[in-house]
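Visitor: Please pick one part of this model and take me through it closely. I want the contacts, with every cut-off stated.

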2 protein chains.
Amino acid sequence: MKVNDNGIYIDGIDKKILRALMEDARTPILEIARHVGISGAAIHQRLKKLEKSGLLAGSKFIINPKVLGYTTMAFVGVYLDKAISNPEAVKQLQKIPEVIECHYTTGNWSIFIKILTKDNEHLMHVLNSEIQSIKGVSRTETFISLQQQINRQIKI
Amino acid sequence: MKVNDNGIYIDGIDKKILRALMEDARTPILEIARHVGISGAAIHQRLKKLEKSGLLAGSKFIINPKVLGYTTMAFVGVYLDKAISNPEAVKQLQKIPEVIECHYTTGNWSIFIKILTKDNEHLMHVLNSEIQSIKGVSRTETFISLQQQINRQIKI
DNA sequence: TTGAAAACACAAAAATTTTCGATATTTTTT
DNA sequence: AAAAAATATCGAAAATTTTTGTGTTTTCAA
């Protein structure tokens, strides 16, 4: 019981620590300690180890876009013609703040992105004025997310 | 200079605070204070306000799935036949840990999901044994993300 | 069974967060 | 325009949390 295929072994205590912090990165170590039944120092030590292993990739404050009026999420499949390279297109997409994810995918599209806009009008503007105007983008297919029903990280 | 359409006004200092914490939820208040030029107590008070406004939706530790061997991300468009209701399908999808996002979308599919698996074999298993076996799922279309090139939150 | 390494506990030290009263600033009311 | 009220900030103290030593216990492999 030392390492798994990927170089790190996570036991039940590690899992409890991770689950608590994945839920709320501000959970005090001592609270976790009380919950799992070992000392705070031991938790701390385990966290260092998890961090060193690379499993812990950092922490983020999550903001609620709706409060800022961003209520429309959409997925967009982008067709690129051969004129433009994928990295060049991504570079352009980086500049569009509404683009929050970008994937290089198999299948119909060259690029698949997730975008967040205030409303349909804003969405239309991003599609027509921002994305379509990138050199090499020939066509797009848009799917609006009417509701996001699941949003979570990998299960530990 | 009080509120915007959505009930909250975020000034430049708030933005700096948020940007720091969105990047790393563990950034010390005093470090932010030094950076923006007001006292730690003031930062603290602003954070309380941002929290109360609902803009701050919490914090999360981010784990790197690759370290656990999860290297394959895919998007799946799911066709449902009328026999099953959307909520019922979502309920079933909830039980599949590999499903990390689920959207109710416009367009071809009824449901659009993001899944994370160890490899293609694992992906195939989730598709064939888990998702296809949900009552009412008639067909799926899968797009594998060969590389995720952008992953960020809304720009503040 | 033994020895080394890893995990742990306890307690002190360091760092961070939270609170609080006093000003100061801004906004609203009169 | 002045007065009143509401907000925001500050500095310092208090409370909490994290981090660091040191020594003990546990684990595991030889």
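**The surface near DNA strand D, and the chain contact**

Guide: By class, the surface near DNA strand D has seven nonpolar, four polar and two charged residues. Nonpolar here covers Ala, Val, Leu, Ile, Met, Phe, Trp, Tyr, Cys and Pro; charged covers Asp, Glu, Lys and Arg; the others, Gly among them, are polar. This is a predicted model, where local features need pLDDT of at least 70 and side-chain atom pairs pLDDT 80 or more, while totals for chains, interfaces and linings use all residues; side-chain values use heavy atoms, without hydrogens or water. Residues are numbered from 1 along each chain as its sequence is written, with chains lettered from A and ligands numbered from 1 in written order.

Near means a heavy atom within 4 Å. Of the DNA strand D atoms within 4 Å of the protein, 64% belong to sugar or phosphate; the rest belong to bases.

Now the phosphate oxygens. Ser39(B) places a backbone N or O atom 2.3 Å from one. For Arg46(B), a polar side-chain atom lies at 2.8 Å. For His44(A), a side-chain N or O atom lies at 3.0 Å. Two or more residues each come from α2 (29-36) and α3 (40-53) of chain A and from α3 (40-53) of chain B. The largest share, four residues, is from α3(B). Helices (H or I, at least four residues) and strands (E, at least two) are DSSP runs, numbered from the N terminus.

Contact means heavy atoms within 4.5 Å. Chain A gives 64 residues and chain B gives 64. About 6,200 Å² is buried between them, 60% of it from carbon and sulfur atoms. Buried area is the accessible area (1.4 Å probe) lost when two parts are put together, summed over both.

The rule finds two salt bridges across this interface. A salt bridge is a Lys or Arg side-chain nitrogen within 4 Å of an Asp or Glu carboxyl oxygen. Lys114(B) and Glu101(A) form one, at 3.0 Å, N to O.

Strands meet here too. β3(A) pairs with β5 (residues 137-151) of chain B, antiparallel, over five bridges. Pairing takes at least two DSSP bridges. Cys102(A) has Ile150(B) as its bridge partner in β5(B).

Technical notes
A polar contact is a pair of N or O atoms within 3.5 Å; within protein, one must be able to donate a hydrogen and the other to accept it, and residues adjacent in sequence count only if both atoms are side-chain atoms.
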